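Please consult the sequence and the structure while reading.

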Amino acid sequence: MKRLFLLLPAIFLLVSCGNGAFFPPSREIEDMSLVRVLGIDLEDGNIKITGLTAGGASSESAAFSGSGATLSEAVGLLSRLPAGKNAVFSHVESVLIGEKAAGRVIPETLDFISRSNELRLGTRLFIVRGDTAAGLIEDSGGELGDLLSLLGENSPYLGVFAFTAGECSAALKRSGACLIECVKYDENVAPCGFAAIRDGKLALFLEERASEGAAIIMNRLQGGEVSLSGRTLMINGAETRFIPVEGPGGEPGAKLEVSLTARLAGTDGRTNAGNAEDELTLYVGENIRLALEAALKLGADIYDIRGSLMEARPFSAGAFSGFSMPSAEIDWSVSAKITGSFDLREGAESVAG
């Protein structure tokens, strides 16, 4: 009899597996609507979600929506799905958050993603500046997923990658602040700088040049084009290094050293290279200044400079425990080198320096 009682829980577990009490019920592929983009907005005090399905060879992308007091409830009240279809979120690549909603739903969104058995921490996050996520999804149509993937993998902001839910969660836990890339719709989906999040709320926007500086400070520079004095330069990459220093009063500070390499369009890579190097140095230095000013204004280490200092000198990490943006002394230097040239004409090959 005792053995029977011990076996009962296992029997109930096996029986329950078939009805989804412990595991999601099995679904046929033709019954699934694979969601690629998920939008989050506030509407009449509730959270509204708007999803865009991936489409495929036999079907077009379609939008659906749901609304509830919480994000979980909104997901559970999906509507406008074709009859018999089930929304599947395991293929979500990008989450859009409307500007109005960003001031409230960031922590809930990150928590929902981290707890979900379908959504992933590698999902890219975007804030829709000046609009709702639903509006951008409706305006953009079925190509939105591809456009967001392109922006997430190689943004015009000097090639910085979009931040993921996992990166934002870690940054908020580490320093109470993080960055999320912003997008807007102006005949097409385009990036428009970063939004700074502090304590889970939208704190301020970084404009384009400050966003470029932020990409360099955070060592996320992947390359990109810059036009200066009518000349186009292709930045190949940058080496960013933080050096711990002490401020006038002995407080922990930092020096940032940035080394850039670039190619110059339409020349042999040597004509006027010196002037181009000077201009690029000044341009990048100003971007870094604007980015640091934004962090000082916010009073938060949104670029995780303390983490970079601790990595640079791990055996004295405790010395940087008091590092904070309002009181930190931060200096920076930039050097640029033209290493060659490239041809802007379509199909032309680049010329090595």
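The questions below concern cysteines, a loop residue and a helix.

This is a predicted model, in which local features need pLDDT of at least 70, side-chain atom pairs count only at pLDDT 80 or more, and totals for chains, interfaces and linings use all residues. Residues are numbered from 1 along each chain as its sequence is written, and side-chain values use heavy atoms, with hydrogens and water left out.

Reader: How many disulfides does a search of the whole structure find?
Author: A disulfide is taken as a pair of cysteine sulfur atoms within 2.5 Å. The sulfur of Cys182 has its closest cysteine sulfur in Cys192, 5.1 Å away, which is too far for a bond. Over the whole structure, the number of disulfides found is zero.

Reader: Is Cys192 buried or exposed?
Author: Buried denotes under 20% relative accessible area, exposed over 50%, and partly exposed in between (1.4 Å probe, protein chains only). Cys192 has 11% relative accessibility, and therefore counts as buried.

Reader: Where does Thr164 lie?
Author: Thr164 has 16% relative accessibility and so counts as buried. Helices (H or I, at least four residues) are DSSP runs, numbered from the N terminus. Thr164 lies in the loop between helix H5 (144–153) and helix H6 (165–175).

Reader: Which residues of H4 are buried?
Author: Helix H4 spans residues 133–140 and is mostly covered, with six of its eight residues buried. Just after H4, Gly141 adopts a positive phi of about 80°. The buried residues of H4 are Ala133, Ala134, Gly135, Leu136, Ile137 and Ser140.

Conventions. Helix = DSSP H or I, 4+ residues; strand = E, 2+ residues; numbered from the N terminus.
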